[in-house]
Amino acid sequence: MSQPRQVLRSQFYLITRTCTQRQYLLRPDDETTNAFTYCLAEAAKRFGIDVVISVVEANHHHTVIFDRDGRYPEFIEHLHKMFARCQNARLGRWENLWSSEEACVTRLVDRETVIAKVVYAASNPVKDGLVERATQWPGLNGYRQLLSGAQLRAHRPRHFFRADGRMPAVVTLRLVIPPELGDAREVVDAVRDGVEEVERRQRELRARTGARVVGRARLRRLSWRDAPQSERPRRGLRPRFAGGVVARVDALSEYREFLAAYRTARREWLEGRAWRFPPGTYWLARFTPVTCAPPSA
């Protein structure tokens with residue numbers, strides 16, 4: 001049996017998912033950017049998710065969210081399902097769009113780590129040698145909107161959704177710095193400083209090695225059937241938590257306590273005795289009439 005999923009309210013997460021066979025099924029073009037933005041904004045509104053940033057590269061995406069109501073599993077399922085169907089319809093595909101590996105969901109347990117992961121996501125195209133500056137990425141990169149405060153806007157993709165269906169014709173999404181992170185302007189300034197530092201280091205690296213960035217023109221000419229030739233690291237760690245040592249150890253200790261309480265409650269429940277499941281119980285709390293203890297303050 002797999003480990004039970006602990007879903008708590010008011011948590012930050014970094015979500016990463018890769019395309020099947022690492023194919024360039026998310027190559028940066030206007031239709032792909034519009035479709036992913038549309039599905040992201042609609043899913044965020046449907047499940048009450050605050051999106052801090054989202055960056056879509058040619059074969060994967062990084063999205064940082066704040067889940068105020070403990071609904072991120074529904075959000076992830078809906079986003080990935082709807083976009084996969086939409087993109088497959090556009091490309092004339094019938095097989096899986098996403099890798100068979102489950103989406104990597106990492107809970108970010110302190111403020112510094114949230115900011116670091118936003119910087120990581122925003123600067124990922126720069127780190128990968130694709131463009132010189134984060135704002136030059138031709139696909140979806142919410143870094144621009146995070147700096148300016150502008151909304152993301154997308155129209156309903158014509159190649160998949162019905163014109164007379166229930167899905168909205170136009171959606172908008174404002175990237176959010178939740179008050180739990182502190183002053184929004186200070187957070188944005190810290191993100192800008194971090195991204196500019198990555199850009200500076202990459203410029204220095206290219207100057208030493210003579211390497212050049214791929215560039216927007218070549219990126220737009222990618223075939224979605226292609227994939228990177230480099231070997232992908234296998235059997236690595238899939239971190240459940242990210243943060244400073246103390247915060248991460250506390251989160252791991254709390255999770256072990258949750259597992260112990262969950263196993264006890266499940267055993268008693270299966271034997272027909274009334275028992276309260278610990279806070280954070282997700283699947284049983286959603287699909288069965290079990291009783292859960294109230295979350296701590």
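1. How do α1 and α2 lie to each other, roughly parallel or roughly antiparallel? Keep in mind that this is a predicted model. Helix α1 covers residues 30-47 and helix α2 covers residues 72-91, and the two pack at about 155 degrees. Angles over 145 degrees count as roughly antiparallel, and α1 and α2 are therefore roughly antiparallel to each other. Their axes sit 9 Å apart, and the crossing is right-handed.

2. Here is who touches whom in that pair. From α1 you get E31, T32, A35, F36, C39, L40, E42, A43, A44, R46 and F47, and they meet E74, F75, H78, L79, M82, F83, C86, Q87 and R90 of α2. Sorted by class, the residues of this contact are 12 nonpolar, three polar and five charged.

3. Now for the other helix pair, α3 (residues 111-127) and α5 (residues 184-209). Their axes come within 9 Å and cross at roughly 40 degrees, and that makes α3 oblique to α5. The crossing of α3 with α5 is right-handed.

4. On the α3 side, the contact uses R111, I115, V118, V119, A122, S123, V126 and K127. On the α5 side, look for E186, V187, A190, V191, G194, V195, V198, E199 and Q202. The class count for the contact of α3 with α5 is 10 nonpolar, three polar and four charged residues.

5. Next, the second largest pocket, which holds about 770 Å³ of space. It is lined by 27 residues, and R5, Y72, E102, A103 and V105 are the closest to its centre. If you want to find the spot on screen, those five are the ones to click on.

6. Which elements give two or more residues to that lining? They are β1 (11-18), α2, β4 (104-108) and α8 (283-287). The largest share, five residues, comes from α2, the helix that also packs with α1. By class, the lining of this second largest pocket has 14 nonpolar, five polar and eight charged residues.

Methods. Residues numbered from 1 in each chain as written. Predicted model: local features only at pLDDT ≥ 70, side-chain atom pairs only at ≥ 80, totals over all residues. Heavy atoms only, no water. Axes fitted to C-alpha atoms, helices over the stretch in contact; angles between N-to-C directions. Helix = DSSP H or I, 4+ residues; strand = E, 2+ residues; numbered from the N terminus. Parallel < 35°, antiparallel > 145°, perpendicular 65-115°, else oblique. Left-handed = near helix turned anticlockwise from the far one by under 90°. Contact = heavy atoms within 4.5 Å. Nonpolar A, V, L, I, M, F, W, Y, C, P; charged D, E, K, R; others polar. 1 Å grid on protein atoms, 1.4 Å probe; cavity = no way out; pocket = protein on both sides within 12 Å on 5 of 7 lines; lining within 4 Å. Points joined across faces, edges and corners; volume = space filled by probe spheres on them.
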